[in-house]
Amino acid sequence: MTQRQPTGPAVIELVGVRKQFGEVTAVNGLNLRVEAGEVVAFLGPNGAGKSTTIDLLLGLARPDSGTVRVCGRPPADAVRHGLVAAVLQSGGLLRDFTVAETVRYVASVYPTARPVDQVMEVAGLTPIAGRRVGKCSGGEQQRLRFALALLPEPQLLVLDEPTAGMDVEARQDFWTAVRRDAERGRAVLFATHYLDEADAHADRIVVVREGVVVADGPAAKIKNLATGRRIRVLWPEAELAAVRALPGVDSAEAYGDSVLLHTRDSDRIARHLLNHTLARDLEITATLESAFMALTGRDSARPPEPDPEERG
Ligand SMILES: Nc1ncnc2c1ncn2[C@@H]1O[C@H](COP(=O)(O)OP(=O)(O)OP(=O)(O)O)[C@@H](O)[C@H]1O
């Protein structure tokens, strides 16, 4: 992993941050720097420390050690000055208000706010301005939360799994809205479990595991780092247990006559499958999912085994 060199005031600066809950170390010496205008995906398995890190950024929790700065200030101070806003998964909306009333009401709370019509347009809410919030779908309510977060014109927008539970179309509408706003140069950090979302919508992907950053870079670089690949073969009556036991195989599943496996060492596994088993019609693809599995899996620290067929 390469660390970015400081180039000026960062929107997010986390240095050696630790947070413990009793016996559990949720964040374990995490370093992260995000500059203005970057759209960063925060990826990691369950319990990796993503939500805890977001709580630290929003001033909702304090680190046990290390420093957390948002736009050069302590997080609570940055929140008070409208420099950071968040779209969280639930709560915070009044069901009997209409969409437009909600945006106007929240705008009136800020000393200066971006024009209501503008944020409604950006968030794709204009066509449903008169709809009661209680009648809005989950995706529409999430776009409303997004509109509210834009009102103070924050320098940092934090989204904690913003499209959880949405169908494909609603996810698409949500990201279209985020993209519409992206040119304004604010930094966006979003936590997601949808790997395709990170790949499609982030400039940079930060992978966390057990409270530390294990990979950081553009999606293409993350894929290369992990050298994760998906191999699909036609193989009726596959010997799955034997395949799973091969060094470098992260997972292997049968789907009808096909077998799908994730590996960090696709050349070696492909050669083995074609030379020593009845598998045929082999396809290899690089996916973010396989990269992610390789980086966050139990044995990810182990480098790929040397290929015996390549030894002299
Ligand atoms: N308030 C708390 N009290 C006790 N343990 C906590 C608390 N908050 C988080 N943890 C623990 O800290 C670890 C990190 O949790 P966190 O919610 O930050 O992970 P996450 O990456 O957001 O996971 P997920 O993707 O499941 O939301 C987990 O083991 C979790 O159980």
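How far apart do the C-alpha centres of domain 1 and domain 2 lie? I looked this up before anything else, keeping in mind that the model is predicted. The C-alpha centres of the two domains are 36 Å apart. For the bounds I went to the domain assignment, which gives 10–223 for domain 1 and 227–296 for domain 2.

**Entry: the ligand shell**

Next I listed the residues around the ligand. I found Phe21, Val24 and Ala26, then Gly44, and then the run Asn46, Gly47, Ala48, Gly49, Lys50, Ser51 and Thr52.

Which elements each supply at least two residues of the shell? I noted strand E2 (24–34) and helix H1 (50–57). The largest share comes from H1, with 3 residues.

**Entry: Leu144**

I then turned to Leu144, which I found in helix H5, spanning residues 138–150. Is Leu144 buried or exposed? I have it down as buried, because 26 other C-beta atoms lie within 10 Å, and 20 or more is the cut-off for that label.

Which residues does Leu144 touch, if I leave out those up to four places away in sequence? My list reads Leu93, Val99, Thr102, Leu125, Val133 and Cys136.

I also checked one pair by distance: Leu144 and Gly92 are 52 residues apart along the chain, and their C-alpha atoms are separated by 11 Å.

Terms used: Residues numbered from 1 in each chain as written. Predicted model: local features only at pLDDT ≥ 70, side-chain atom pairs only at ≥ 80, totals over all residues. Near = placed C-beta within 6 Å. Helix = DSSP H or I, 4+ residues; strand = E, 2+ residues; numbered from the N terminus. Buried ≥ 20, exposed ≤ 12 C-beta atoms within 10 Å, placed from the backbone. Contact = placed C-beta atoms within 7 Å. Domains from an automatic or database assignment.
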